[in-house]
Amino acid sequence: MEGGLETVYHALRGELLRFLVARTGNAAEAEDVLHDMWLRIGEGNSGPVANPRAYLYRVAQNLVLDRLREKKRREIRDRAWMEMASGSDLRHADPVDPRADALEQMTAREEVARLASAIANLPPGARRAFQLHKVEGLPHGEVAERLGISKSGVEKHMAVAMKYLRRALRDD
Amino acid sequence: MTETIIDQAIAWHRAQDDADFDWDGFTLWLEADPAHRAAFDEIALLDARIVAHRPALAALLPPVEGAPVVLLSAENQAVPRRRWTRWAGGGIAAAMALAIAIPALRSPALPVLEYRTGTGQSRAIALKDGSRIALAASSHLRVEGEGQDRLTLEGSATFDIPHRPGRTMMIRAGGQEISDIGTRFDILADARTMRIAVAEGAVAVRPTGKSEAVRLSAGRQMVIDRAAHQGEISAVTPNAIGSWQQGRLVYEGVPLSLVASDISRYAGTPVRAGADVADRHFSGVLIVGDGSGLVGEVAQLMGLRTSYQGGAVLLRAGGTG
């Protein structure tokens, strides 16, 4: 199976790189991700793959998201650290200090509360659909059934919810 | 960033898990404008933040099939008062007020303990029987009786009462008497309204001086309008009860007047809800922090204006002028 995936990887290398350049906006980073993909495929953990092309695109997409999240996480940690350090003797502490764990936990708690607040304050229909799908993990079809609306109705609610949440959670 | 681009990003993001997702079309869309990538990043990160905290959010959010969660914003100003029951006969308002002002049957021989907290303070109280009480800011608890089983609360507190055969704890708060034989619950009361939310076990709630009681079990809250003698029972998330101890104020369908008096405990300035908005219901989670941001956050979430009046912050209906 891995052999098949490697073959497809080589065949699609050009278009994957083009996609990654578009997705990251950065040629060097796109090459990095492509290299990570190669390592990922080499690990051979994928199991049988029905549609290798879609699979490779999805791996690329997920790797880019992982990088984005890591970058964001670092930014938030650095900012929280700076805020905490100013006004206390922590400014002389090293950020690998054990207290950094406590800081991360605190940040996580605040994050959860902020997300919960934003979700709780969605328009009622959007909140119900969003919570059932995103938080409770029901597929769109089941959400539609539970709420007695069509699947496209669920999708509309989801889009409304995302727009509201984006506004409510901005600049975090 | 335009709304159209955001809409497109949301649509691409939603479709990306489909087996037949159009990766070529997506690539072309990304290449068409760098703003497309930025919008997609934003949506993907937002989605990832929620997915990452899914279990914690599921525990904190009120269940979808619970009582109506009444939400903010202009489209929601009329509050559906579903499930209101006639809570007590008319004409007992005076009796309730009296019962609060004069603690009944206090023998001078019995020890009375008084606990008070100031703005932004909280206090952990342990009773002889192992009961633990977390008293929120700007609150007052009086403990009476040889068995330390008669309590009077003004303000807000979370109670953790162990079960003891043959013993009943009686708590007076917000014009009600709550009797309890082993449970965890939270009380928030001001002059108008009282909210009791039960996390574990069950309690009996009755207006002071009345014989009829309502049983309230875990996962339920009752919001009592003292003047109207009405109580509304609805579902709440047990894990969120008492979360003020972790610096979060969680409300599910609570009148704005009670929210305002609660945040006054932390804000250092009295906060009041104007008559035009006092009965609006609020659901949401507020982060206490140093207390200074609470009023602004409520105002923003509910689209209200703030002004200063007589040394207090007044919340009023938003709009211009």
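**Strands, burial and contact**

Mentor: In this predicted model, β4(B) and β7(B) pair in the antiparallel sense, and four bridges join them.

Trainee: What makes β4(B) and β7(B) a pair?

Mentor: Two strands pair if DSSP finds at least two bridges between them, and β4(B) and β7(B) have four bridges, so they are called paired. Within β7(B), B:F159 stands opposite B:I133.

Trainee: With which strand does β10(B) pair, and over how many bridges?

Mentor: The partner of β10(B), residues 183–189, is β7(B), in the antiparallel sense and over six bridges; here B:A157 has B:I187 in β10(B) as its bridge partner.

Trainee: How do you know that β7(B) is mostly covered?

Mentor: Strand β7(B) runs over residues 156–161, and five of its six residues are buried.

Trainee: Why is B:S138 called buried?

Mentor: A residue is buried if 20 or more other C-beta atoms lie within 10 Å of its own; B:S138 has 23 within that distance, and therefore B:S138 counts as buried. B:S138 lies in the loop between β4 (132–135) and β5 (140–144) of chain B, and its phi is near 50 degrees, a positive value in a residue other than glycine.

Trainee: How many residues does each chain bring to the contact between chain A and chain B?

Mentor: Chain B brings 41 residues and chain A brings 41 residues. On the side of chain B that touches chain A, the largest share, 11 residues, comes from α3(B), and the residues of that side divide into 25 nonpolar, six polar and 10 charged.

Methods: Residues numbered from 1 in each chain as written. Chains lettered and ligands numbered in written order. Predicted model: local features only at pLDDT ≥ 70, side-chain atom pairs only at ≥ 80, totals over all residues. Contact = placed C-beta atoms within 7 Å. Helix = DSSP H or I, 4+ residues; strand = E, 2+ residues; numbered from the N terminus. Nonpolar A, V, L, I, M, F, W, Y, C, P; charged D, E, K, R; others polar. Buried ≥ 20, exposed ≤ 12 C-beta atoms within 10 Å, placed from the backbone.
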